[in-house]
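I opened my notebook beside the model today. Here is what I looked up, entry by entry.

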Amino acid sequence: MNKKSISLTQLKHQKVLLIWAAVIVVYGVVFYYLPLAGWVMAFQDYKPVTGLLHSKFIGFDKFIRLFSDVTFLRVIRNTLAMGVINLAVTFFMAILFAILLNEIACQGGKKVVQTISYLPHFLSWIIVTGILHDALSGTGIINQLLLNFNLVEQPINFFAHEKYFWPIVAFANVWKETGWNAIIYLAAITAIDPSLYEAAAIDGAGRWAKIKHVTLPGIKPTIMILLLMNIGNVLNAGFEIQYLLGNGLVINVSQTIDIYVLKWGISQGDYAIGTAAGIFKSVVSIVLIVICNRIAKRHGEERLF
């Protein structure tokens, strides 16, 4: 089959589209690719005075120092643990919420629930952590309920015990993002052919059977794609909530790689070791995506590439 050549007239008709495409490409190059030149700092004894071009090259010394630091190894554990917990809980809850929301027969009630569920996404983490502090304080509603039901003898200081920190972070992420994350699953559910539900009903399928045999298979490709993308972000466990809720009593479980980079790369002026930590996180994310994508390909599932 002969390939159609693009004429000058056609290019003129698409002039606006081409201009905006060029703008987006330039934006991506300037803000996403040019900054990668800064990665060279991780292999230098970087000094702001000497700059990138004249700082002494030291190879992998910063990486060796990084992985010899017990604090950084603990930070990796914290980041990975919170990332996996957040991924598992938020991913599952978004799917569950979308399915349950789709089962609401009353359209008016459905819209109200949808709107309410979206609202926390637009709140800053400052507000969310403030709400958590008030709710979990010694005189907050959680402690008051525990005392009223005689579940505890005295108020619990939730932010003074390490065992409570990760569940609090997971709950905050679920409360803030479940409604927003469910949007794409709701869109995928609406794209399912209604005749499939009708055929299932004729065969005697109830609500659970329809969900199991029609809804879940219908949104499975969407679930797989988003799962692969989220696995790549597992080390992006967060910065704001851990930084705002963390304190000296829970520092062993609250610090993430991003906080470590801020503390040592910015506050202490060691930009090289902060860059090395950032490179480590990026490399791990890429490796996770490639591995999981190959596993999905091997099993015949939807994949990114």
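Which residues does Ile 219 touch, not counting residues up to four places away in sequence? I found Ile 95, Tyr 185, Ala 188, Ile 189 and Ile 192. Contact here means heavy atoms within 4.5 Å.

**Ground rules**

I am reading a predicted model, where local features need pLDDT of at least 70, side-chain atom pairs count only at pLDDT 80 or more, and totals for chains, interfaces and linings use all residues. Residues are numbered from 1 along each chain as its sequence is written, and side-chain values use heavy atoms, with hydrogens and water left out.

I placed Ile 219 in helix H11. Helices (H or I, at least four residues) and strands (E, at least two) are DSSP runs, numbered from the N terminus. Ile 219 has a relative accessible area of 0%, so I noted it as buried. The scale is this: buried is under 20% relative accessible area, exposed is over 50%, and partly exposed is in between (1.4 Å probe, protein chains only).

I then checked a distance. Leu 235 is 16 residues from Ile 219 in sequence, and their C-alpha atoms are 26 Å apart.

Next I looked up the largest nonpolar core, which has 26 residues. Such a core is a set of buried Ala, Val, Leu, Ile, Met, Phe, Trp, Tyr and Cys residues joined through side-chain atoms within 4.5 Å. Ile 219 is among the residues with the most contacts inside this core, and so are Phe 91, Ile 95, Ala 98, Tyr 185, Ile 189 and Ile 223. Helices H5 (70-102), H9 (162-190), H10 (194-202), H11 (207-232) and H15 (271-298) each give two or more residues to it. H11 supplies the largest share, eight residues.

I also followed Phe 91. Leaving aside neighbours within four places in sequence, Phe 91 is in contact with Asn 86, Tyr 185, Ile 223, Leu 226, Leu 227 and Asn 230. Another core lies apart, with 18 residues, among them Val 128, Leu 136, Ala 237 and Val 250. A background note for myself: in soluble globular proteins, nonpolar side chains tend to be buried together.

**Entry: Gln 114 and its helix**

I found Gln 114 in helix H6 (residues 107-118). Is Gln 114 buried or exposed? Its relative accessible area is 18%, so Gln 114 is buried. Its side chain makes a polar contact with the side chain of Tyr 118, at 2.9 Å. A polar contact is a pair of N or O atoms within 3.5 Å; within protein, one must be able to donate a hydrogen and the other to accept it, and residues adjacent in sequence count only if both atoms are side-chain atoms. Not counting residues up to four places away in sequence, Gln 114 touches Leu 101 and Leu 186.

**Entry: how helices pack**

I compared H6 with two partners. The axes of H5 and H6 come within 10 Å and cross at roughly 155°. Axes are lines fitted to C-alpha atoms, for helices over the stretch in contact, and angles run from 0 to 180 degrees between N-to-C directions. H5 and H6 are therefore roughly antiparallel. The cut-offs are under 35 degrees for roughly parallel, over 145 for roughly antiparallel, 65 to 115 for roughly perpendicular, and oblique for the rest. Phe 97, Leu 101 and Asn 102 in H5 meet Lys 110, Val 113, Gln 114 and Ser 117 in H6.

H6 and H9 pack at about 130°, with axes 8 Å apart. That makes H6 oblique to H9. Gln 114, Ser 117 and Tyr 118 in H6 meet Gly 179, Trp 180, Ile 183 and Leu 186 in H9.

**Entry: Ser 55**

I located Ser 55 in the loop between helix H3 (51-54) and strand S2 (56-57). Ser 55 is buried, with a relative accessible area of 10%. A polar contact of 2.9 Å joins its side chain to that of Thr 50. The Ser 55 side chain also reaches the backbone nitrogen of Lys 47, at 3.4 Å.

**Entry: Asn 150**

I ended in the loop between H8 and H9, where Asn 150 lies. Asn 150 counts as exposed, at 66% relative accessibility. Its phi is near 60°, a positive value in a residue other than glycine. Most residues other than glycine have a negative phi.
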